[in-house]
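Hi everyone, thanks for making time this morning. I'd like to walk you through one model, so let me put it up on the screen.

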Amino acid sequence: MLKQNPEAVYDTGESAGKPFRVAICGEVRSGKSTLVNLLLRANVLPASLGDDGPRPVITVGHGPRCPMIAVYPDGSRDKLAADPDTLAFAGAERIEVQHGTKTLAGFELIEIPLTRAEEISEDQRALLRGADVMIWVTIASQAWRLTEKTIVETLAEERPGHALIAITRADKLRSDGDRQRIADRVMKETAGIFSDCLMVSGARKLIKGASNAEGWEQTGGAGLQALLNGFRDPAATDREPRPEPEAAAPARQPEPASDPAAPGPDRAPEDAPLSGTDTLRQVAATLRGLSAAGLADASGECLVLDGEDAHCRALAETCRASFATLAGSYGFMGADGAPEGAEIATVRHRLLYAAIPGSDRLVFLACEAPTSIGTARSALNRLRDAAARF
Ligand SMILES: Nc1nc2c(ncn2[C@@H]2O[C@H](COP(=O)(O)OP(=O)(O)O)[C@@H](O)[C@H]2O)c(=O)[nH]1
Ligand SMILES: [Mg+2]
């Protein structure tokens, strides 16, 4: 049984020692199994076990594909049919799965269903203590409810060093704007708990299409896998250490006191009050994988917030040119209003910029994979909001 020997559960057949354990936690029907499928790039786990259905812990290790095994409270084990339905899970305490997807090598995924803070068991706490990463799964339409916050706070002692939040059913939202607003709110409300926030579009047909790179990127799976790779092997991807929880809490900075001597929005960004610049630099410092960030104004000035001066100035020039072109040509096909910004991506690099309302400045940031687009957008929004205040 789990309680007696939680370690024994995790013999996945990996010869290269202990796998990097990813605990996928969340309320019932939040999308945990969907997230597992996303990482496997195939609909391996069945769709929804229902609201009152069985809620076994599911462990997925890297190995030759073989039948799923149901393990019952008395220790007995059953091989399940190739495409098990909900009934096959009934009464099982644990479901063991192996999958041959290359990206899973060295990882173990553990789906841990959590219902109420008062009902968290010792087994569940032990599983979380043994994990290297926690992914909290929440539903876009009602993301980060009080009940979720309570569960996550209750697990403060058990939470591993890496924790991120995945917002599922992003495909059901109407627009990128809606997705951005939700990601932004969730990042603010969970600052200090989660280092990253990812949007997941996990409809089963989208996961079916995730066997190709573009499809996987669209679901959010590629970004998630890249983040996990970064956690497991920071030397390969991290430019800077992970921010302390406090630094990850840009939330709402206090409004600057109204000071008649303070520069107005028409002042050059170089003249921005130090406190405002510091605020922006602090916000910029919260993004993992950031390679540059700054403010560009129409006159050619650039306030460097993060990264090397020359790099930042070159990016500022790119953003200015791109924005000027868009502003001049994007009216066709009935686009309403001026463009608000744009995103430019290469395989490993992203450049995002946004116009700061009420000014002629642009805020921009550049980051490298594995920083997800959701994380990058959240950071850009935070920078834009902070910049708009002075
Ligand atoms: N369209 C869509 N449906 C989703 C998404 N995530 C979960 N679902 C659906 O929501 C239901 C519950 O998901 P499931 O992964 O079983 O939740 P779990 O109980 O947390 O494991 C299933 O019918 C899923 O297909 C998503 O990102 N997009
Ligand atoms: Mg599930």
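To start us off: what percentage of the residues in the chain is buried? Buried residues make up 43% of the 390 residues here. Please keep in mind as we go that this is a predicted model. In terms of secondary structure, the chain has 12 helices and 14 strands. And if you take the contacts with a separation of 6 or more, 71% of them come from residues 24 or more positions apart.

Let's turn to the sheet. Nine strands, written as 9 in my notes, form an open sheet with mixed pairing, and the order is S4-S3-S5-S2-S6-S1-S7-S8-S9. The edges are strand S4 (77-79) and strand S9 (196-199); each has a single partner strand, so one side of each has no neighbour in the sheet. On average, neighbouring strands are turned by 20° against each other, direction ignored.

Within that sheet, have a look at strand S2 (residues 57-62) and strand S5 (residues 94-99), which run parallel and are joined by 6 bridges. If you want a landmark there, Val60 stands opposite Val97 in S5.

Now for the helices that lie across these strands. H1 lies across S1, S2, S5, S6, S7 and S8, and runs at about 165° to S6. Helix H5 (residues 176-189) lies across S8 and S9, at about 155° to S9.

H1 also brings us to the ligand. Which helix gives the most to the shell around ligand 1? That is helix H1 (residues 32-40), with 3 residues. There are 19 residues around ligand 1, and those that come nearest are Gly31, Ser33, Thr34, Gly202 and Ala203.

Strand S10 (residues 290-297) pairs with S11 in the antiparallel sense, over 4 bridges, and Leu295 stands opposite Leu303 in S11. For strand S11 (residues 302-306), 5 of the 5 residues are buried, so the strand is largely enclosed by the rest of the structure.

Last stop: helix H12 (residues 373-388). Its 16 residues reach 22 Å from first C-alpha to last, close to the 22 Å expected at 1.5 Å a residue. Is H12 mostly enclosed or open? Here 14 of the 16 residues are buried, so H12 is largely enclosed by the rest of the structure.

Key:
Residues are numbered from 1 along each chain as its sequence is written. Chains are lettered from A and ligands numbered from 1 in the order in which they are written. This is a predicted model: local features need pLDDT of at least 70, side-chain atom pairs count only at pLDDT 80 or more; totals for chains, interfaces and linings use all residues. A residue is near a molecule or strand if its C-beta atom, placed from the backbone, lies within 6 Å of it. Helices (H or I, at least four residues) and strands (E, at least two) are DSSP runs, numbered from the N terminus. Two strands pair if DSSP finds at least two bridges between them. Axes are lines fitted to C-alpha atoms, for helices over the stretch in contact, and angles run from 0 to 180 degrees between N-to-C directions. Two residues are in contact if their C-beta atoms, placed from the backbone, lie within 7 Å. The expected span of a helix is 1.5 Å times one less than its number of residues. A residue is buried if 20 or more other C-beta atoms lie within 10 Å of its own, exposed if 12 or fewer, and partly exposed in between; C-beta atoms are placed from the backbone.
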